[in-house]
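Subject: Structure handover

Hello,

Here is the structure for your files. My notes on what was found in it follow below.

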Amino acid sequence: MQPIRTFNVSPSLPERLEPLRKLAYNIHWDWNVETKDLFRRLDPNLWESSRHNPVLMLGTISQVRLTEVVEDEGFLAQMDRAARQLEDYLQERTWYQKQRSAINTQHSVDQTRLEKFALSGNPPGNFSQNPATKSQNSECYAYFSAEFGLVDCLPIYSGGLGVLAGDHLKSASDLGLPLVGIGLLYQQGYFAQYLNADGWQQERYPINDFYNMPLHLERNPDGSELRITVNYPGRSVYARVWRVQVGTVPLYLLDTNIEPNNEYDQDITDQLYGGDIDMRIHQEIMLGIGGVQLLKALGYKVTAYHMNEGHAAFSALERIRSLIQEEGLSYTEAKQVVASSNIFTTHTPVPAGIDLFVPDKVLYYLGYYADVFGLSKEQFLALGRENVDEPSEPFSMAVLALKMATFSNGVAQLHGVVSRQMFKGLWHDVPVDEVPIAAITNGVHARSCVAKSTQELYERYLGPNWSSASTDNPLWERMDAIPDEELWRNHERCRLDMILYAREHLVKHLHDRGASFSEIASAQEVLDPTVLTVGFARRFATYKRATLWMRDIERIRHILLSNKHRKVQFVIAGKAHPKDIPGKELIREINHFIKEQGLQKQIVFIPNYDIHIARLMVAGCDIWLNTPRRPREASGTSGMKAAMNGLPNLSVLDGWWDEADYVRTGWAIGHGEMYDDPNYQDEIEANALYDILEKEVATLFYDRDVDGLPRRWIAKMKDAIRMNCPFFNTARMVREYAERAYFPASDRYHTLTGNQYSPAKELATWKENLTSHWYNIKIKDVDVSAKTDIEVNQTVSVKAKVDLATLTNDDVQVELYQGTIDASGEIVNGVSVVMNYHGDEQGLSSYTADIIYASSGLQGLSLRVLPKHKHLSSSYEPRLIVWAQ
């Protein structure tokens, strides 16, 4: 039966308890211990059954209980403290304000308005039309992501990418950045996992009740829903806008599950990573193009756009179209503005992980943009191709993003190396180590992932700034002030909490599956709270090798069971993508192994891995295991969370662990070797894992003194905290994004758009002229003063004559390029030296430079010409280079 009218019914709270509403609707509560304790205190059972959702709690809690707490002075005092903490947080002077105060005077006024709005709990009636409108002299950064993992009661994430995006917003709020998030609000989100009797992953898709989540529906001044319109072939698709308030940062989410959209279009925001390739392109059009339109509808004047993975790369097309049709720019001018203010982060270490669309599909859905841009079909498709002359090559979202970005980066130092190698074809003739893809190592939000009791311990001994303190902060010297016994007893409580939850969760899962009484009874006794506990939790992709530890059955049984004084147990969790059959097979293999070997008490697979389970595991396990096939782990963040809780890591040297001190804060499996034979690699690394686990990890863990304390293990725990917490966190990471990407991109946007886009127009014209004459450049003569044999630190003088054709010295930079010669005769790890210009003679430009070689051996020298312009982000931006032959 269809209703004739609908109502959005809000919780009815006594006036004295109104601060609860404000606290509930700003998910700052997720990383504020006082506020989270407050909601738990209100109704512990409801807090757990609601998936830690304070909005749902307030809507379902009994009026009797509310009447009780109105008279509870202790509760009211805690509520008032939490409300003051939120207000103080929103109004404090931030890192961003200190860094950019001279640049952004206007923003301080707008930021105050945002803070008042964030504190209010509900938007003022006209916010949707004028939300902290940015002036031409202020800044705003837009962060696009297909998923955001913020809290477990908002299941619109699948794994590490989403949780990283959520942590990015939290730290942006902590730092005071003028950042807004853009994403999609999925009606069914990612799936809920359960296992059948055979251990095979099954999926359920619970419907998200948006009205009982910490979400605001954005409205127009007249009270109607704010909606945007995105054009698809032959029709328009409408989306309403929801907002999640993440401290001071608003996250806007688009929802197409509304009329008058047809059933297919309503499903665009149905499932995260669901459907076929057509649904995927529909979603990415809505995210990228719809996201840009959303920002415009809300009144934001964005100065830097950050694409977290390639899913949002279509945003660049919409921005170009807008500048052409609304600002009167040419295609090249508009593209220059857009590319100068775009930032792209790739999380993919293998080509198979990149979204690719066949050319006909791209033209069908987006061919309109080619017409607006004045491009042929092939010219338009070339925007997403590495080999622009290959008509059958698919359209790559990562390539489009790279071509449309002023700053691109991988998410760990090793991943930066892999990414430069993978995308080097976009910069022809540029040495692979100079391909302009940087690396900003991921981090995690400390106050979200560290256990409450552990945070309180850090507060007592390290002070309140531990979660954002840099590596050189003297507070880390106070780690040794934490008594060994206090740190250890705290960790033992965390282990017990995890085990109790695992038992309860497993019992519920078995009961829901209709398991036998004996199975359910056994589940109540799994795991031993005194035994060394190995944690493994992550997405079940085959390259992560979730079953490597099972390779030698007798060896692992021996480690688990043979020594009653040095037992080992495993806690495992994770999901495979619904269409990833090999990933599902790994989950079934593990569950079969547990049953067949009778190891139900020693090994537990916890179904339906989510943020809550992850937080219990990274705090309650003793050591964190990671076994990816190097170098296919872009970064990995679960091990960072474990380290912040004091867990040593046991991992292959891949992703972030390759940068950590893996001797003092854990153990390395292997030494970073690369293998041609994966089976041989598995054999070698499985044996290394067994040896380390049995001979080093277990030995150290069970080495107790007269007080029963594993002193050397505790020392390693302290090192894990001291050496990993200050660097592998999103406070450092977001500061790095701000300093290396957001600030420069925003400044460049202001520069290029000033004076009615005159600098952008001039740069676009200069590039067109440069390109048309570049290939006429000839390096005519290179005179090297030294002979073949020279000594270390001997000065070598070089003179060169270059025919710049119709270009001038102002258009180019001439460089020497020197370095060691490898076995293939190539210069490796080269260093460039800018040559000095000495004028023109007989049509040739003269350049000189002196160089030295600081090391012996076979060394090489070459000469190159690169573009130069004051408005270029780098000399590689035009993708032009000439080398001496």
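**Helix pairs**

Helix H11 (residues 277-298) and helix H14 (residues 359-373) have axes that come within 10 Å and cross at roughly 20°. Axes here are lines fitted to C-alpha atoms, for helices over the stretch in contact, and angles run from 0 to 180 degrees between N-to-C directions. That makes H11 roughly parallel to H14 (under 35 degrees counts as roughly parallel, over 145 as roughly antiparallel, 65 to 115 as roughly perpendicular and the rest as oblique). Helices (H or I, at least four residues) and strands (E, at least two) are DSSP runs, numbered from the N terminus.

This is a predicted model, in which local features need pLDDT of at least 70 and side-chain atom pairs count only at pLDDT 80 or more, while totals for chains, interfaces and linings use all residues. Residues are numbered from 1 along each chain as its sequence is written, and side-chain values use heavy atoms, with hydrogens and water left out.

On the H11 side, Ile277, Asp278, Ile281, His282, Ile285 and Ile289 meet Lys361, Tyr365, Leu366 and Tyr369 of H14, where contact means heavy atoms within 4.5 Å. Seven of the residues in the contact of H11 with H14 are nonpolar, one is polar and two are charged. In this count Ala, Val, Leu, Ile, Met, Phe, Trp, Tyr, Cys and Pro are nonpolar, Asp, Glu, Lys and Arg are charged, and the others, Gly among them, are polar.

A second pair is helix H12 (residues 314-327) with helix H13 (residues 331-340), whose axes come within 9 Å and cross at roughly 130°. H12 and H13 are therefore oblique to each other, and their crossing is right-handed. H12 contributes Ala316, Arg319, Ile320, Leu323 and Ile324 to the contact, and H13 contributes Tyr331, Ala334, Lys335, Val337 and Val338. The contact of H12 with H13 has eight nonpolar residues, no polar ones and two charged.

**Sheets and a hairpin**

Strands of a sheet pair through backbone hydrogen bonds, either parallel or antiparallel. Two strands are taken as paired if DSSP finds at least two bridges between them.

Leu532 has Val568 in E16 as its bridge partner.

Another open sheet has four strands in the order E21-E22-E26-E25, and its pairing is antiparallel. Its edges are strand E21 (778-784) and strand E25 (836-841), each with a single partner strand, so one side of each is left without a neighbour in the sheet. The twist from one strand to the next averages 20°. Strand E22 (residues 796-803) pairs with strand E26 (residues 844-851) over seven bridges in the antiparallel sense, and Lys799 has Thr848 in E26 as its bridge partner.

Strand E3 (residues 192-195) and strand E4 (residues 201-204) run antiparallel and are joined by four bridges. They form a hairpin with five residues between them, and Gly199 in the turn has a positive phi of about 80°. Leu195 stands opposite Gln201 in E4.

**Backbone points to check**

Most residues other than glycine have a negative phi, and most peptide bonds are trans. Gln756, not a glycine, has a positive phi of about 55° and lies in helix H28 (residues 730-774). The peptide bond from Glu259 to Pro260 is cis, with omega near 10°; Pro260 is in the loop between strand E8 (249-255) and helix H10 (263-266). The peptide bond from Arg630 to Pro631 is also cis, with omega near 5°, and Pro631 lies in the loop between E18 and helix H25 (638-644).

Regards

Key. A crossing is left-handed if the near helix is turned anticlockwise from the far one by less than a right angle, and right-handed if clockwise.
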